[in-house]
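Have a look at it first, and then we'll go through a few of its details.

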Amino acid sequence: MSQTVFAPWENPEEKPLIEFRNVTKRFGSFTAIDDLSLDIYAREFFALLGPSGCGKTTMMRMLAGFENATEGQILLSGQNIGPIPPNRRAVNMMFQSYALFPHLSVWENIAFGLKRESKDKEAISARVEEMLRLTRLTKFAKRKPHQISGGQRQRVALARSLAKAPKLLLLDEPLGALDRKLREETQFELMDIQEKTGTTFVIVTHDQEEAMTVASRVAVMDEGKLIQVATPDVIYEAPNSVYVADFIGDVNLIEGRGTTEGERIRLDWAEGQPPIWATPRGPVDTDRALTFAIRPEKVSIAKDKPEDRRNLLEGEVIDIAYLGNISTYHVKIAGGQIIKAQTANTRRLANRDITWEDRVWLSFTETSGVLLEH
Amino acid sequence: MRRLVLIAVPYIWLLALFLVPFIIVLKISLSDIALAIPPYTPTLDLSGGWSAIRDFFGALDFENFVFLTTDDLYWRAYLSSLRIAAISTLITLAIGYPIAYAMARSAPEWRPTLLMLVILPFWTSFLIRVYSWMGILSSEGVLNQFLIGIGLIDTPLQILSTNIAVYIGIVYTYLPFMILPIYATLEKMDESLLEAAEDLGCSRLSAFWLVTIPLSKGGIIAGCFLVFIPAIGEFVIPSLLGGSDTLMIGKVLWEEFFSNRDWPVASAVAIVLLLILIVPIVLFQRNEQKAREAEG
Amino acid sequence: MRRFSWFNATSLTLGFAFLYLPMVILVIYSFNASKLVTVWAGFSTRWYVELFQDQEFLDAAWVTVRVAVFSSTIATVLGTMAASVLVRAGRFRGRTLFSGMIYAPLVMPEVITGLSLLLLFIGIGLDRGIFTIVLAHTTFSMCYVSVVVSSRLATFDRSLEEAALDLGCSPFQAFRLVTLPIIAPAVISGWLLAFTLSLDDLVIASFTTGPSATTLPIKIFSAVRLGVSPQINALSTIMIAIVAVGVITASLITKRAAVTQARDEQAAVRATG
């Protein structure tokens, strides 16, 4: 039964491929990266996720060698890469704009890096052909970048940066220029290629869905700091802060005061309303203001009061967003706060029994939400 | 290291062949004319040590500049250059604006060709373009023959060797400088703005006056400076098309230098010309900067 | 176009007539048999024949071409360097002076540039001739080149150079293999601009030349000072013809390239996959 799960970060024996050691990067008086430490392991598909200006691109450019850390060190396989110029690093980058050389053909673009280090024409040619096959571009080898489509350009950029078989591949918003459908297809293609080549990928993105789909671990960043580094499911199910909970997906946030009662926490969130009960995953400091965070799909909605649930909120439906496969109900509860509840539309729309201005009951289990400290 | 070489090579070139010559002009403008080679005094002899340097600076004075103010030839030449440049600029604007406007309103597939037709004269010799008017404007020239031929005049008009010929020459050679910036602003203008203005009750003419003209102001100002600034120091046009009474400072400087061999006065004339030019150049720079900022 | 009226058509017709008629008349009269330039006495090519037999003109043309080739080539190298300093080098001490020295010659009256360079050459005791004209032309045309090239460099996608570095190029290799081929059209037009400026220049060449070197514009100027000359008409026609052929060819080539590119892009969109 033991299929080993890929989780080198849980193994204390494992040596990280990349180590950020107390790295700070300032541009003039602006601090882009603030005393940041992070380990990334070989064969990981690591995502740096955050809003624009959070420092994720700066981290990537420091790895590529286009920026130098103001303080601290960055190690690659245990070696400080600070003094190594970009053209001597075993790191390649796929640029957001793809940065394909417009005057060179697809073939020449892919061969560009190989020609810099080797004179062996046969070997270069073989490697380029291999890359063309890997990215399904063989037919387009002779074309110039402006003669192929956006999706093909993206694959050329990938092939070019993988051709030198780098220890580490950096991908800067690699799918940002593609339309939604192509983006989803390409995400799986990227994962497939990452697995085939065994290269460590570090991807920078502001698209949380993309990060969740492709990454083995996600680092959520804000203002030059790491907020949470964890696997996608942990990030989603157990965010460590209001920031992460709010940044990833849709969430209901209810503020209140907590008291410990045995294993459970009682959260009083409004005068004269029944409290919310939650089972925390770790110790919670009840002296501080707490926020209860729960995903809309974990909130059930019903017209009749369910008897078996501990957490119940009464409210009025004020809006329904019909998205085809699911519907989101916006319910106004006591105190005026809006709580979102999501249900899968397993029945036809016409048969739906909840409609605008209905009085409804929202319910959820004690373990379905998380308590976050401020 | 590489960066240092990259900066140093063009830097040193410009220092040696632009800034140093300019400082020499400044220095000679403060010297006195002398019957010697070179024909001015003092000359700096560094082997004389500190006292020589002190004597050198002691011998420099503003005599030549004082001279420029006493002989009315010079200040009349400056004023006349400014006037000729200003009048020609206004004529160029009056002719250039309708052309630029018509180009911007022509069918998009025609615009590159029209643009090329405006730029083409740039690449032909300036001297030849000025010269071509000599055959047209002279008393037995094409224009006079034509006017006499259609019976409009009996005796040939004297146009060549007058200020009118100079205006024509300046307008002709600098017209593309006026058309291009105005065309650039008009071409960017959204035509629906005019429709909106008409929709709000403007007549075509008032829409043009209230919308098109203000929006093309940047191009008009840029075009005017691009004509005005080089026209002030013009030499070829007044000397080929103008008469003996056409006073322009470029011509005066040339004659002062080549005919009178008075280098100190020629240098002083040059320095004053530059001081006069600084005003329009600074205004032009400011206009350009504003245009850049407006574009974001 | 909706707003294209008779008024616009008239201004275009009159405007282009004004721009081109003088040159057309010049060309027509270059084939005039009469020495009296204004009296048409039948078609003749005698002025062209005389022009090509006049050794002084041929010598002047040769001097001019040599000066233009040398000065525009040096100016292109220096101007491209200056452009990359302006766009890329960031802040350094003396930057303001540097950009001032790049832009000042563009607005400096030619008489002043010529005068100041002459005074320099006399001051350092340099013999005047082709060499000093080349120095003078290089100095002002490198400024034009750097303006042309720096406006292209300003829109150049820097990630292309970074990609080259990332793939193992040294900074110089990145410039040679990636930047230069891409900005080549701007560098070439800079060279052409420098070349025409040099061919065209009368004032600066007059100041900086010595008795040993007479350029074509100096020759033309002294010939036409006193009036119209049929030989000069013939020479002008040849020069106009060269420019017209050159510019029209160049624009046809660029147009064809643009059309091909547009067609390729459409094909790429259609054939996605």
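Glu357(A) sits in the loop between strand 18 (338-344) and strand 19 (359-364) of chain A. Helices and strands here are DSSP runs, numbered from the N terminus: H or I with at least four residues for helices, E with at least two for strands. Keep in mind that this is a predicted model, where local features need pLDDT of at least 70, side-chain atom pairs count only at pLDDT 80 or more, and totals for chains, interfaces and linings use all residues. Residues are numbered from 1 along each chain as its sequence is written, while chains are lettered from A and ligands numbered from 1 in the order in which they are written.

Most residues other than glycine have a negative phi. Glu357(A) isn't a glycine, yet its phi is positive, near 70 degrees. Tyr98(A) also has a positive phi, of about 75 degrees, without being a glycine. You'll find Tyr98(A) in the loop between strand 6 (91-94) and helix 2 (106-117) of chain A.

Are these two buried or exposed? Count the other C-beta atoms, placed from the backbone, within 10 Å of a residue's own: 20 or more means buried, 12 or fewer exposed, and anything in between partly exposed.

| Residue | C-beta neighbours inside 10 Å | Counts as |
|---|---|---|
| Tyr98(A) | 24 neighbours | buried |
| Glu357(A) | 7 neighbours | exposed |

## Chain A as a whole

Chain A has eight helices and 20 strands. Its C-alpha atoms fill a box of roughly 80 × 50 × 50 Å, taken along the principal axes. Of its 374 residues, 37% count as buried.

Two residues are in contact if their C-beta atoms, placed from the backbone, lie within 7 Å. Among the contacts in chain A with a separation of 6 or more, 65% join residues 24 or more positions apart.

## Between the chains, and inside chain B

Two pairs of chains are in contact, and chains B and C share the most contacts. Chains A and B don't touch, with 15 Å between their nearest C-alpha atoms.

Within chain B, how do helix 4 (residues 72-104) and helix 8 (residues 163-188) cross? Their axes, lines fitted to C-alpha atoms over the stretch in contact, come within 6 Å and cross at roughly 40 degrees. The angle runs from 0 to 180 degrees between N-to-C directions. Helix 4 and helix 8 of chain B are therefore oblique to each other (under 35 degrees is roughly parallel, over 145 roughly antiparallel, 65 to 115 roughly perpendicular, and the rest oblique).
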